[in-house]
Amino acid sequence: MMKIKTPKTLKAKRALDKRAPKLVENAKKTLILHGTKTSYVLNAVLAQIFHLKKGLAVKFSRKNENIRPFESSGETSLEFFSLKTDCSFFVFGSHSKKRPNNLILGRMYDHHIYDLVEVGVENFNPIESFKYDKKIAPRQGSKPFFAFIGENFESVDELKHLKEVLLDHFRGEIVENLNLTGVDRAFVCTAISSTTVSFKHCAIRLKKSGTSIPRIELIEVGPSMDLVVRRHRLPNEAVKKQAMKAAPTQPRKIKNVSRDEVKGKIGKIYMPDQQVGGLALSNNIKGLKRERREGKTKDKRDDHDPSKKMRTEESQ
């Protein structure tokens, strides 16, 4: 049996409340880490992903020997780090002769691995290799546009899965309203083949078009790379059904209960006619018993008082 500890301080209680399930979820964070062996290209890719998700990412710099996401024995450490850092996504980098510049993108549900996509990185170009006006550089935390070009994203299962994972990793915080002037970046993903996707990060420049809708110009600011899909693992159907369960949008209506802005919660109850006038009152009442008891004790005192006896004889 696991011991459940209750928070002893208000700070610990606030931290647990922040991690508790909510109807409107917090912005999801990404855990970035690598295995025992990496390459110069892979280290640069992980650093660039951390830069793109700055503010919503946690990066580990130490090597991790026991993490193998596609093996059942190598998930424990990764799930522990996810629980410790409260991260819902992860990016794991490794390098070997069989799989060079290997990148694994994954999602978590209840701090357990939900699904995985393994890609190989090719033709990587960092941000420093692009020359552009620094005034148009995307701001940290801004919402991006996504463009998926190619019919393979709808017909090939691997690319369809990769599309969902990329959307979840880079879309940022979910908002209801969006100011057009605050959108300053776009991710362009082009399906080159059934296994290869060109991933590019571009800045958005709004220019006059003579109408109310501005003309959009894309300027590549990096990073850019080709992602070659190697392996992927879809979620279990039972876990997927549980993860996709949504809370009801409207509260359940309760009979005879309403809410008011001033009075708050107001309830109506049904009271039948009590017919109090026709009820027969009983003599067996505590109040009457007490009065009788007090009267009897008063009579006994009068019998023992001789002065009162003399007064009653004189009056007679």
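Let's start with the second largest pocket, which holds about 480 Å³ of space. A pocket here is an open set of points on a 1 Å grid over the protein atoms alone, with protein on both sides within 12 Å along at least five of seven lines, and lining residues have an atom within 4 Å of a point. Grid points are joined across faces, edges and corners, and the volume is the space filled by probe spheres set on the points. Of the 25 lining residues, Leu52, Arg139, Gln140, Gly141 and Arg185 are the closest to the centre of this pocket. Helix 2, helix 5 (157-170), strand 7 and strand 9 (215-233) each give two or more residues to the lining. By class, that lining has 10 nonpolar, eight polar and seven charged residues. For the classes, Ala, Val, Leu, Ile, Met, Phe, Trp, Tyr, Cys and Pro count as nonpolar, Asp, Glu, Lys and Arg as charged, and the others, Gly among them, as polar.

Before going on, a word on the model. It is a predicted one, where local features need pLDDT of at least 70 and side-chain atom pairs count only at pLDDT 80 or more, while totals for chains, interfaces and linings use all residues. Residues are numbered from 1 along each chain as its sequence is written, and side-chain values use heavy atoms, with hydrogens and water left out.

Now, the cavity. A cavity is a set of grid points where a 1.4 Å probe fits but cannot get out, and the count comes to one cavity of 30 Å³ or more. The largest cavity has a volume of about 80 Å³. Which residues line the largest cavity? They are Ile49, Leu52, Leu103, Leu105, Leu166, Phe170, Phe199, Met225 and Leu227. By class that makes nine nonpolar, no polar and no charged residues. Helix 2, strand 4, helix 5 and strand 9 each supply at least two residues of this lining.

Let's step back to the whole chain. Its secondary structure comes to eight helices and 11 strands; these are DSSP runs numbered from the N terminus, with helices being H or I of at least four residues and strands E of at least two. Of the 316 residues, 31% count as buried, where buried means under 20% relative accessible area, exposed over 50%, and partly exposed in between, with a 1.4 Å probe and protein chains only. Residues 24 or more positions apart account for 66% of the contacts with a separation of 6 or more, a contact being heavy atoms within 4.5 Å.

Nine strands form an open sheet in the order 2-1-3-4-5-9-8-7-6, with mixed pairing; two strands pair if DSSP finds at least two bridges between them. Strand 2 (57-63) and strand 6 (144-149) stand at the edges with a single partner strand each, so one side of each has no neighbour in the sheet. From one strand to the next, the twist averages 25°. Strand 7 (residues 185-191) and strand 8 (residues 196-207) run antiparallel and are joined by seven bridges, with Ala191 having Val197 as its bridge partner in strand 8.

Helix 3 (residues 76-85) lies across strands 1 to 5, running at about 140° to strand 1. Axes here are lines fitted to C-alpha atoms, for helices over the stretch in contact, and angles run from 0 to 180 degrees between N-to-C directions.

There is also a hairpin, in which three residues join strand 10 to strand 11. Strand 10 (residues 257-260) and strand 11 (residues 264-267) pair in the antiparallel sense over four bridges, and Val257 stands opposite Gly267.

Finally, some backbone details. Most residues other than glycine have a negative phi, and most peptide bonds are trans. Asp86, in the loop between helix 3 and strand 3, has a positive phi of about 60° although it is not a glycine. His111, in the loop between strand 4 and strand 5, also has a positive phi of about 60°. Buried, partly exposed or exposed: what is Asp86? Asp86 is partly exposed at 26% relative accessible area, and His111 counts as partly exposed at 23%. A cis peptide bond, with omega about 5°, joins Gly222 and Pro223, and Pro223 sits in strand 9.
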